[in-house]
Amino acid sequence: MTTGSYFSLEDFFLKEANRLAKLAPTVDKTVSRNGAPENKRVQIDDWENELALFIASDINKPAWQNSYRADSTEGSLIYTSIDPELRTQKIIIDKHRNGNIKHIAISNSTGNMLYKTTEHLDYYPDSLYQINKQQQVRVIGDSQYSIRGILQ
């Protein structure tokens, strides 16, 4: 378990991975690379691996303790990076009135002189997860990937 001053994405998604492993839902999964989609109905054997990008977006690291601005409204919690070099740039957590998570949106960005990668992750408990990734590699060109899983 991580401890920190921010909402722990790692803790949340590890709990979700365990919950989903027990539920064993069928997933209508679409994977697309550069606009060419492939769709399958699958059972996910390793939810922790399936949600790895969400888990890796956790911002509770001691070195990042003062690197995010936290804003909240009645139903949302928003973390925005104040350091443009950090991978996770924004996290939006929307909650139902009862406090349960309704939606988590994450924006990640990395890059250097040779490449730039942006990721937009969306998670709706019990219904959908989506990963959209764009890569711009100087020598190779641009690529777009997306993964969309609809829980049945």
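This is a predicted model: local features need pLDDT of at least 70, side-chain atom pairs count only at pLDDT 80 or more; totals for chains, interfaces and linings use all residues.
Visitor: Why is Asn 60 called buried?

Guide: The relative accessible area of Asn 60 is 8%. Buried means under 20%, so Asn 60 is classed as buried.

Visitor: What makes the pairing of the Asn 60 side chain with the backbone oxygen of Tyr 6 a polar contact?

Guide: A polar atom of the Asn 60 side chain lies 2.9 Å from the backbone oxygen of Tyr 6. A polar contact requires N or O atoms within 3.5 Å, and 2.9 Å meets that distance limit. The backbone oxygen of Phe 7 lies 3.2 Å from a polar atom of the Asn 60 side chain, which also meets the limit of 3.5 Å.

Visitor: How do you know that Arg 19 and Glu 16 form a salt bridge?

Guide: Their side chains meet at 2.8 Å, N to O. The cut-off for a salt bridge is 4 Å, from a side-chain nitrogen of Lys or Arg to a carboxyl oxygen of Asp or Glu, so this pair qualifies. The two residues are three residues apart in helix α1 (residues 9-23), and therefore separated by about one helical turn. Glu 16, Arg 19 and Asp 126 are linked in a network of salt bridges.

Visitor: Why is Arg 19 called partly exposed?

Guide: The relative accessibility of Arg 19 is 28%. Partly exposed covers the range between the 20% limit for buried and the 50% limit for exposed, so Arg 19 belongs there. Glu 16, at 8%, is buried.

Visitor: What makes the pair Glu 50 and Lys 29 a salt bridge?

Guide: The N to O distance between their side chains is 2.8 Å, which is within the 4 Å cut-off. The pair links distant parts of the chain, with Glu 50 in helix α2 (residues 47-50) and Lys 29 in strand β1 (residues 26-33), 21 residues apart. Glu 50 has a relative accessible area of 15% and Lys 29 one of 17%; each value is under 20%, so both residues count as buried.

Visitor: Why is the pair Arg 87 and Glu 119 said to tie parts of the chain together?

Guide: Arg 87 forms a salt bridge with Glu 119, the closest N and O atoms being 2.9 Å apart. Arg 87 lies in the loop between β4 (76-81) and β5 (88-95), whereas Glu 119 lies in strand β7 (residues 115-124), so the bridge joins parts 32 residues apart in sequence.

Visitor: How many salt bridges are there by this rule?

Guide: The count comes to eight.

Note on methods. Residues are numbered from 1 along each chain as its sequence is written. Side-chain values use heavy atoms; hydrogens and water are left out. Buried means under 20% relative accessible area, exposed over 50%, partly exposed in between (1.4 Å probe, protein chains only). A polar contact is a pair of N or O atoms within 3.5 Å; within protein, one must be able to donate a hydrogen and the other to accept it, and residues adjacent in sequence count only if both atoms are side-chain atoms. Helices (H or I, at least four residues) and strands (E, at least two) are DSSP runs, numbered from the N terminus.
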